[in-house]
Amino acid sequence: MLEQVVGIVRKAASLMVTDGFEVEQKDGLANIVTSSDIAVQHYLCRSLSELLPGCGFICEEEDFHDPDKEFVWVIDPIDGTCNYSRGIDACCISVALKKSDEVVIGVVYSPARNEIFTAEKGRGACLNGKPIHVSDRPFEDGLMCTALGLYVKQYADISNSVIMDAYAQINDIRRFGSAAMELCFLAAGQCELYYEFRLCPWDYAAGMLILSEAGGTISGLGGRKLGIDKPELVCAANTAASHARLLEIIDRHIKSLPY
């Protein structure tokens, strides 16, 4: 089924036009949606329903159909919409298939970069068909991808407390503007750490599987397993040891989630 999903995602990417799309605000200036987001999502939902009849959907653009089904597609039609709307190439289509409470397929495709990350549970992860693996760099030499809780800016201070604590102990930080792509960069050994205070399932579902299959470690607050039914704090790293150190930093600043 993975090859069929990849084919559908590639076709959907043709709807990510380079100009002529419309932009609307959802909840303020920071949170936007384009006509391309809607077109890609509609195409994916239609095509994936044909591929797997009777499935459910959890999608970013207010499209929740039968999310309690055994098989559920988790879709972000364009992760990094702000980047996309400005012609920045750090944007992608993210599609995951959840069976019961486990993600079993993950596809993240950035057409502008000609990069397609894929994973099947238990079968490893690939970039453009070639196997990938996390790096072995130690925590102190790590690059950390992160953000400041863009859509809920009252969380910026608490996010920044974690970021600055970690920053003092690692190589540097990066902010690319697409959680799905950043998790894939970690999976491919291009960075070593990842932290965001609040992400939605469509942001991380596919990237979570790709990272895990590439040998990385990912969890929610306190190391608990990430769910696919609500927003989560996300902590990830290339190694279990680095993941534990990043969790210790988070625990110093965050004891519970306010959402």
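Visitor: What percentage of the 259 residues of the protein count as buried?
Guide: Of the 259 residues, 54% count as buried, where buried means under 20% relative accessible area, exposed means over 50% and partly exposed lies in between, with a 1.4 Å probe and protein chains only. This is a predicted model, in which local features need pLDDT of at least 70 and side-chain atom pairs count only at pLDDT 80 or more, while totals for chains, interfaces and linings use all residues. Residues are numbered from 1 along each chain as its sequence is written, and side-chain values use heavy atoms, with hydrogens and water left out.

Visitor: How many helices and strands are there?
Guide: The protein has seven helices and 15 strands, which are DSSP runs numbered from the N terminus (helices H or I with at least four residues, strands E with at least two). The radius of gyration is 17 Å, close to the 18 Å that the globule rule gives for 259 residues, so the protein is as compact as a globular protein of that length; the radius is taken over C-alpha atoms, and the rule is 2.2 Å times the number of residues to the power 0.38. The C-alpha trace spans about 45 × 40 × 35 Å along the principal axes.

Visitor: In what order do the strands of the open sheet run?
Guide: The order of this five-stranded open sheet is β12-β11-β13-β15-β14, with mixed pairing, and two strands pair if DSSP finds at least two bridges between them. At the edges are β12 (172–174) and β14 (217–219), each of which pairs on one side only.

Visitor: And which way do β13 and β15 pair?
Guide: Strand β13 (residues 193–199) and strand β15 (residues 232–237) pair in the antiparallel sense over five bridges, and Glu 196 stands opposite Val 234 in β15.

Visitor: Which strands does helix α4 lie across?
Guide: Helix α4 (residues 156–167) lies across β11 (143–146), β12 and β13, and runs at about 175° to β13. Such angles run from 0 to 180 degrees between N-to-C directions, with axes fitted to C-alpha atoms, for helices over the stretch in contact, and contact means heavy atoms within 4.5 Å.

Visitor: OK, over to α7. Which of its residues are buried?
Guide: In α7 the buried residues are Ser 242, His 243, Leu 246, Leu 247, Ile 249 and Ile 250. Seen down the axis of α7, the buried residues fall within an arc of 160°, so they line one face of the helix; the arc is that of the directions from the helix axis to the C-beta atoms.

Visitor: What covers them, then?
Guide: The cover over the buried residues of α7 includes β11, α4, β13, β14 and β15. On the other side of α7, Ala 240 and Ala 241 are exposed.

Visitor: Where is Asn 128 found?
Guide: Asn 128 is in the loop between β9 (125–127) and β10 (130–131). Its phi is positive too, at about 50°, although it is not a glycine, and at 40% relative accessibility Asn 128 counts as partly exposed.
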